[in-house]
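Here is a quick tour of a few local features worth a look. Keep the viewer open as you read.

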Amino acid sequence: KILLTTDTLFDVIALAEELGIRDLESQCASFLTDTLNVKNAPWLLTLADQYHRHRQSEKSRQLLDQCLRFVMENAEDVIATREFLDASSSVVMQLVSSDQFALMEEDVWRCVLRWAKHKSGIATPTKKWTETDREKISKKLAGIVRHVRLPLIDGRIYADEVEPTGVIPVELTPDRYSRSEE
């Protein structure tokens, strides 16, 4: 008998896949479905992403898709958790670049900024950032910020919340007020 926990899930499923134990693979997938919740979803999604990157199998893709779907459908609740802040940059990029991520673009920006600040160890408000703080956050957002649909952010919100950070690359800023001018 095997005791499945969220800590052992991906090790057990890897073993089941290698040994061709389809019933155990199925049990692992069911376990994931039964245990996936708003609080553990960012962590399980990160593990599923790592597992898929390593295995590149149909089963690993299915588990990753299952976690992604859950997070996409529960985006507002998931990004509000402390656990979201520990998600990998790969996971954050997948979420932000998806059309299925059920958030207004302003909230996408806020969640990636909150994530980057956490990953950079910066807790100070934007107005009190040093140039070093700005550089650290810019590095964390590199690659990710290109997937935030900046033109969809209301012009006033952009001016008040996005522009003051100074972390948006120049080539991404020209159309920033297109929505407010319509």
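Let's start with Glu 105, which sits in helix H7, spanning residues 105-120. Bear in mind that this is a predicted model.

Is Glu 105 buried or exposed? With a relative accessible area of 8%, Glu 105 falls under the 20% cut-off, so this residue counts as buried. Its side chain reaches over to the backbone nitrogen of Arg 149, at 2.9 Å. Leaving aside residues up to four places away in sequence, Glu 105 touches His 147, Val 148, Arg 149, Leu 152 and Ile 153.

## H7 against H8

Now for how H7 meets helix H8 (residues 131-141): the two pack at an angle of about 115°, and their axes are 9 Å apart. The crossing of H7 past H8 is right-handed.

On the H7 side, the contact is made by Trp 109, Val 112, Leu 113, Trp 115, Ala 116, Lys 117, Lys 119 and Ser 120, while H8 brings in Lys 136, Ile 137, Lys 140 and Leu 141. Sorted by class, that contact has seven nonpolar residues, one polar and four charged.

## The two sides of H9

Helix H9 covers residues 155-162, and its buried residues are Gly 155, Tyr 158 and Val 162. These take up an arc of only 80° around the axis, so they end up on the same side of H9. Over on the other side of H9, Arg 156 and Asp 160 are exposed.

The N-terminal end of H9 has a cap, too: Asp 154 places a side-chain oxygen 3.0 Å from the backbone nitrogen of Arg 156.

Terms used. Residues numbered from 1 in each chain as written. Predicted model: local features only at pLDDT ≥ 70, side-chain atom pairs only at ≥ 80, totals over all residues. Heavy atoms only, no water. Helix = DSSP H or I, 4+ residues; strand = E, 2+ residues; numbered from the N terminus. Buried < 20%, exposed > 50% of the residue type's maximum accessible area, 1.4 Å probe, protein only. Polar contact = N/O pair within 3.5 Å; in protein donor to acceptor, adjacent residues only side chain to side chain. Contact = heavy atoms within 4.5 Å. Arc of directions from axis to C-beta. Axes fitted to C-alpha atoms, helices over the stretch in contact; angles between N-to-C directions. Left-handed = near helix turned anticlockwise from the far one by under 90°. Nonpolar A, V, L, I, M, F, W, Y, C, P; charged D, E, K, R; others polar.
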